[in-house]
Amino acid sequence: MVEGDIIDIPRMLVRGIAKQGGTILGTSRTNPFENGGGPEVIKAHMDRLGIDAIIAIGGEGTLAAAKRLTDAGLKIVGVPKTVDNDLDATDYTFGFDTAVQIATEAIDRLRTTGESHHRCMIAEVMGRHVGWIALHAGMAAGAHAILIPEQSVSIEQITQWVKEAHARGRAPLVVVAEGFVPEHMESPTPSAGWIPLAVPGSVGSRTSWPRNWKPGPTSKPGPPSWAISSGAAFRPRSTASWQPGWEWRPSTPWWRATGAQWLP
């Protein structure tokens with residue numbers, strides 16, 4: 001609708017797609033107000049192509065844009081479809097039930113592995129800023145702890161739940177939603193830097209991080225006794241990967257940006 005790029009969809013093209021996920025159109029994320037010229041451009045395409053109205057099928061982002069386009073005078077029907085189930089005015093969204101079924105099956109298999117090896121298992125599920133998938137799948141799988149954004153708890157409390165389950169002879173199972181934020185953190189994914197859990201005192205205590213150091217979005221491979229300062233940039237080392245402005249520490253497989261600090 002932004003570019004006026006359309007295709008004819010005969011019956012043969014849509015035969016059998018009910019069992020497929022995603023979209024046969026190959027569409028991706030875009031913002032018509034930032035990258036598409038706004039509602040005037042879309043309205044012009046609709047008039048040129050003889051389109052009376054748009055049926056917008058999607059989640060938070062799709063329907064938020066649809067609402068703005070509706071306010072601008074375009075005729076749009078919104079259909080809630082998201083695995084996250086995080087939309088108002090509907091009890092369930094298309095895709096949520098399937099997501100819960102798949103997550104429950106995966107967690108059931110994970111639990112079998114945990115019980116076989118007497119280990120604690122942690123399953124992270126999708127959900128953006130809400131815990132619907134984690135709650136439903138975790139209850140169905142009999143998780144010992146279900147961590148959702150709506151209920152913030154401390155690392156110490158989670159550890160206690162795990163230890164209590166282990167003391168009863170169980171293999172602890174923790175299901176966590178991607179948007180869950182422990183009490184000692186401000187967001188589920190801090191903006192820069194990283195510090196591994198193996199660093200003494202790094203779990204549950206923000207004061208254990210040195211000044212100007214923060215946990216980061218992903219753990220980088222390397223010795224567990226090292227962490228990087230916030231804002232540092234890294235990329236994998238290869239046979240010909242060195243460039244000016246980068247340096248390599250022999251104890252890790254990663255190059256670091258010059259000036260980034262290492263914490264012993």
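This is a predicted model: local features need pLDDT of at least 70, side-chain atom pairs count only at pLDDT 80 or more; totals for chains, interfaces and linings use all residues.
Residues are numbered from 1 along each chain as its sequence is written, and side-chain values use heavy atoms, with hydrogens and water left out.

The structure holds six salt bridges, each defined as a side-chain nitrogen of Lys or Arg within 4 Å of a carboxyl oxygen of Asp or Glu. Three of them, including the one formed by Glu-105, are tabulated here.

| Salt bridge | N to O distance |
|---|---|
| Arg-109 and Glu-105 | 2.7 Å |
| Glu-60 and Arg-128 | 2.7 Å |
| Asp-47 and Lys-43 | 2.9 Å |

Glu-60, in helix α3 (residues 60-71), and Arg-128, in the loop between β3 (121-125) and α5 (132-141), are 68 residues apart, and the pair links distant parts of the chain. Helices (H or I, at least four residues) and strands (E, at least two) are DSSP runs numbered from the N terminus. Glu-60 counts as partly exposed at 38% relative accessibility, as does Arg-128 at 32%.

Arg-109 and Glu-105 are about one helical turn apart because four residues separate them in helix α4 (residues 96-117). Arg-109 counts as exposed at 57% relative accessibility. Through shared partners, salt bridges also join Glu-60, Asp-86 and Arg-128 into one network.

Conventions:
Buried means under 20% relative accessible area, exposed over 50%, partly exposed in between (1.4 Å probe, protein chains only).
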